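Please look through the sequence and the model below before reading my points. They are written for someone new to reading structures.

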Amino acid sequence: EKLTNELLDFARGTALKRRPTDIPSLLRALAQDTDPARVALDLEGAPGTWAVDRDKLHQVMLNLLRNALTADTAGGPVSVRVARRDRALDVTVRDHGPGLPPGDPEKLFEPFFTTKTRGTGLGLSVSRRIIRLHGGTLTARTHPEGGAEFTLRIPEEPHGAPAGRG
């Protein structure tokens, strides 16, 4: 069922339903639903609301959090930092696992590429597509102090743009 849903998400050209969304509240709920003892939220620089498709952003953040929590088999912390920078929403998720596999980090975003034995290889592809639909970017790197770091950036909607554009 999970594979079918991920394949459908990947194949669909989904239109966004952007609405003002309470980003800190969304991230607090996600941390609570995953592993609140291991997810450290830094919401100090977060905007109160941002025009996003809440359900789609929830899907992206859930994927990034689950990946990060799984990456560190020692059970280390996962940090999520949110800030408004240069008229864009920046969200960075960092784990303290082994970091990205050697080679090109862009490969992680290719459909069906996975480093997990039970993974479908679609989570990051779908996530990047969703962020691109928002006009943004999703990037990955190995942090200089270790662990993987994923950063999504969603620009502010232009004034006068319809909220439901896709």
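1. Basis. This is a predicted model, in which local features need pLDDT of at least 70 and side-chain atom pairs count only at pLDDT 80 or more, while totals for chains, interfaces and linings use all residues. Residues are numbered from 1 along each chain as its sequence is written, and side-chain values use heavy atoms, with hydrogens and water left out.

2. Overall content. The protein chain has four helices and seven strands. Helices (H or I, at least four residues) and strands (E, at least two) are DSSP runs, numbered from the N terminus. Their order along the sequence is α-β-α-β-β-α-β-β-α-β-β.

3. Of the 166 residues in the protein chain, 43% are buried; buried means under 20% relative accessible area, exposed over 50%, and partly exposed in between (1.4 Å probe, protein chains only). Contact means heavy atoms within 4.5 Å. Among contacts between residues at least 6 apart in sequence, 70% join residues at least 24 apart.

4. A helix pair. Two packed helices are described by the angle between their axes and the distance between the axes. For helix α3 (residues 54-71) and helix α4 (residues 123-133), the angle is about 140° and the axes are 9 Å apart. Axes are lines fitted to C-alpha atoms, for helices over the stretch in contact, and angles run from 0 to 180 degrees between N-to-C directions. The contact includes Leu57, Val60 and Leu64 of α3, and Leu124, Val126 and Ile130 of α4. By type, the residues of this contact are seven nonpolar, five polar and one charged (Ala, Val, Leu, Ile, Met, Phe, Trp, Tyr, Cys and Pro count as nonpolar, Asp, Glu, Lys and Arg as charged, and the others, Gly among them, as polar).

5. One residue in that contact. Apart from neighbours within four places in sequence, Asn63 is in contact with Gly123, Leu124 and Ser127.

6. Paired strands. Two strands pair if DSSP finds at least two bridges between them. Strand β2 (residues 39-45) and strand β4 (residues 78-85) are parallel, with five bridges, and Leu41 stands opposite Val80 in β4. β4 and strand β5 (residues 88-94) run antiparallel and are joined by seven bridges; Arg81 has Thr92 in β5 as its bridge partner.

7. The turn. β4 and β5 form a hairpin with two residues between them, and Asp86 in the turn has a positive phi of about 50°.
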